[in-house]
Amino acid sequence: MTTAVFQASDLAGAKRRQFIGAARQGGALLRDIDGFALTMVPLAQLEAISEVASTAVAALLAAAALSRGQARPAELGRFAWLAAFDDDDRVEFFDELRDALAVAEATRDAAPVETCLRAWRTTARALSDPLAREILTGLGDENYAEVARPEE
Amino acid sequence: MPKLPGLKSEPSSGAYRPHVAARRPGGRPAVKPAFRVLVHHKYLAVWNELAARVGLANAQQFWDHVAMTPGQPPKVGTSSVMKGKHNGPKWPGHSKAIHYEITGAGRIDYQFNPSATEGALGDPHGVVKIMSIDLGSH
């Protein structure tokens, strides 16, 4: 949270290091001469906030497209891979993503969102292959053979 | 040159023995695998190409991982639990399906059971079942 407030003139004086220190700690607010507000925050936090915002918007758009019925993958935008899942799984995905977004927003760390998306995308890739889908979604069979450690 | 006790016969320097297979660099695993590794018949051909497609080191790292610690995060590569309703055990006692990703090279999906009793002997043993392999989309 941005709490420390500085004036433009502070950047040329002894408070310059305080300004940078406050920014590194999470945020520094700078008031220009005309009162215009600028904030300096760590890059990682800015990227996390951007990622949370863009993912949330994309998820809302995808959810809206899905709520209208049979959505084409292109209508799902960056979540086109959701086409590999049925309605129940999509509900589970949006529940998980909402939790991940909430944690990421609170901690200013996009890792929970990235982990959630990576895991779901990986499963979507697996299910997009017809043979893999048949085995992964079917009943377990006994058509397995033991293999040894790969050697040269 | 006298042989040292305990050493298997080693070719002398410069010797060429065309019918002796070369040893795998690094030697065999130091400990016995805790899990038998099984592959679905429909993916046996892909499995047989694994080392050629992803590199011997990657193939061996995967095998070592599932043969010893299939339920833990791998030391190399990444793994994640399959998402969605179909991730559950396909056989009694098995884990959820796990995706193991060989960095930049492919994905292998498996379930495991630390105390399976399948097979003719019925003895308890760990088993890993590789359900699918994708080496083409990475």
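Two strands are said to pair if DSSP finds at least two bridges between them. In the predicted model described here, this criterion applies across the two chains: strand 4 of chain A and strand 1 of chain B pair in the antiparallel sense, over three bridges. Within this pairing, A:Ala145 has B:Val39, a residue of strand 1 of chain B, as its bridge partner.

The contact between the chains extends over 28 residues of chain A and 35 residues of chain B. On the side of chain A that touches chain B, at least two residues each are supplied by helix 3 (87-107), helix 4 (111-127), helix 5 (130-137) and strand 4 (144-146) of chain A. Helix 4 of chain A provides the largest share of this side, namely seven residues. In terms of residue class, the side of chain A that touches chain B consists of 13 nonpolar, five polar and 10 charged residues.

Chain A contains five helices and four strands, and its elements follow the order β-α-β-β-α-α-α-α-β from the N terminus on. The radius of gyration of chain A is 24 Å, whereas the globule rule gives 15 Å for 152 residues; the value is well over that expectation, and chain A is therefore more spread out than a compact globule. Along its principal axes, the C-alpha trace of chain A spans about 75 × 50 × 25 Å. The domain assignment divides chain A into domain 1 (4-41) and domain 2 (44-137). The centres of these two domains of chain A, taken over C-alpha atoms, are separated by 37 Å. Of the 152 residues in chain A, 26% are buried. Among the contacts in chain A with a separation of 6 or more, 42% are between residues 24 or more positions apart.

In chain B, helix 3 (residues 56-68) was examined for its length and its surroundings.

Definitions and conventions: Residues numbered from 1 in each chain as written. Chains lettered and ligands numbered in written order. Predicted model: local features only at pLDDT ≥ 70, side-chain atom pairs only at ≥ 80, totals over all residues. Expected span 1.5 Å × (residues − 1). Contact = placed C-beta atoms within 7 Å. Nonpolar A, V, L, I, M, F, W, Y, C, P; charged D, E, K, R; others polar. Rg over C-alpha atoms; globule rule 2.2 N^0.38 Å. Buried ≥ 20, exposed ≤ 12 C-beta atoms within 10 Å, placed from the backbone. Domains from an automatic or database assignment.
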